[in-house]
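Take a look at the structure below. This short report walks through its sheet, one of its helices and some of its charged pairs.

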Amino acid sequence: MSDRVEVPASLLGHWSAWTGATAEQLSVLGAGSTANGPHIVVVGDVGRTQPGWDGSVSRVTGVMDADDNAVLSLPPGHEAWARNLLEAGVSLDDVRAAIPERFGEPASIAYRGICRWAVDVPAEDVLADVGIWIPADDEIVPAWLKPFGGDALVVLDDGVYVAGVGLKVHDEYGQEISVGTTEAARGRGLARRLVAQAARALLAKGIVPTYLHAPDNYASAKVADAAGFPDRGWTALGLFDPS
């Protein structure tokens, strides 16, 4: 049986806002394994019909811990369908695989991405600050960073952008770090230093930063490890349209 994982209060606040789950429902996460199998909570949340941080609608969100305990959030009217399948013995992964057809989006993928968070990142004397904060709408900032809004953390080389971090402001509790480096600037350790710098700034405000990546994105995993975001075996659930 796995040990209970202590989840920071602000992270629970983020997951509550992100999924619509109550504190009691979220208590299954990190509770450890049981002889009767994982605890799975399905929530019908109106938030799955409303625009998120970038103006798009995330019709599926959720979190699964290392013991497969999970909270799955779906648009209202779909939660009973998922619960019935689970009660009939269908696995959560099979329910997840059935979601695109259920939503009439057969080309979409109901994915599980690696879900990390940081509570203790390397200090500045270990991973030194390397970027500056500038408005995301500045002409120097590349197109991929502009939808994040607010300020972006960027590295400039002779005034030219070479790497940067955007913050996905999901709610008042949770901000997710996304990082990118131009091909010519890779191998210099910029990504890990930017992620650590951004994480320190968020932690100083009482916000636990999150970092999500695909299971096969090994470069992103190395950055996360180096910047103080350990892989605890937890995953985030979502719906992605590859087109």
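Which strands does α4 lie across? Helix α4 lies across β1, β2, β3, β4 and β10. Its direction is at about 125° to β4. Keep in mind that this is a predicted model.

## The sheet

The sheet is open and has 10 strands. Their order is β1-β3-β2-β10-β4-β9-β8-β7-β6-β5. The pairing is mixed. Strands of a sheet pair through backbone hydrogen bonds, and they can run parallel or antiparallel.

Which strands stand at the edges? They are β1 (40–44) and β5 (132–135). Each has a single partner strand, so one side of each is left without a neighbour in the sheet. From one strand to the next, the twist averages 30°.

Now zoom in on one pair. Strand β2 (residues 61–64) and strand β10 (residues 235–240) run antiparallel. They are joined by 4 bridges. Gly62 stands opposite Leu237 in β10.

How many salt bridges does the structure hold? There are 7. One of them links Asp93 to Arg96, with 3.0 Å from N to O. Both residues lie in helix α4 (residues 92–102). They are 3 residues apart, about one turn of the helix. Asp93 is partly exposed, and its relative accessible area is 32%.

Asp93, Arg96 and Arg112 are linked in a network of salt bridges.

## A buried pair

Arg48 forms a salt bridge with Asp45. Their closest N and O atoms are 2.9 Å apart. Are these two residues buried or exposed? Both Arg48 and Asp45 are buried.

## A link across the sequence

Arg116 and Asp225 also meet in a salt bridge, at 2.6 Å from N to O. Arg116 lies in strand β4 (residues 109–117), while Asp225 lies in helix α6 (residues 218–226), so the pair ties together parts that are 109 residues apart in sequence.

How exposed is each partner? Arg116 is buried, because its relative accessible area of 2% is under the 20% cut-off. Asp225 is partly exposed, with 47% relative accessibility.

Thr210 lies in strand β9 (residues 209–213). At 4% relative accessibility, Thr210 is buried.

Conventions: Residues are numbered from 1 along each chain as its sequence is written. This is a predicted model: local features need pLDDT of at least 70, side-chain atom pairs count only at pLDDT 80 or more; totals for chains, interfaces and linings use all residues. Side-chain values use heavy atoms; hydrogens and water are left out. A salt bridge is a side-chain nitrogen of Lys or Arg within 4 Å of a carboxyl oxygen of Asp or Glu. Buried means under 20% relative accessible area, exposed over 50%, partly exposed in between (1.4 Å probe, protein chains only). Helices (H or I, at least four residues) and strands (E, at least two) are DSSP runs, numbered from the N terminus. Two strands pair if DSSP finds at least two bridges between them. Axes are lines fitted to C-alpha atoms, for helices over the stretch in contact, and angles run from 0 to 180 degrees between N-to-C directions. Contact means heavy atoms within 4.5 Å.
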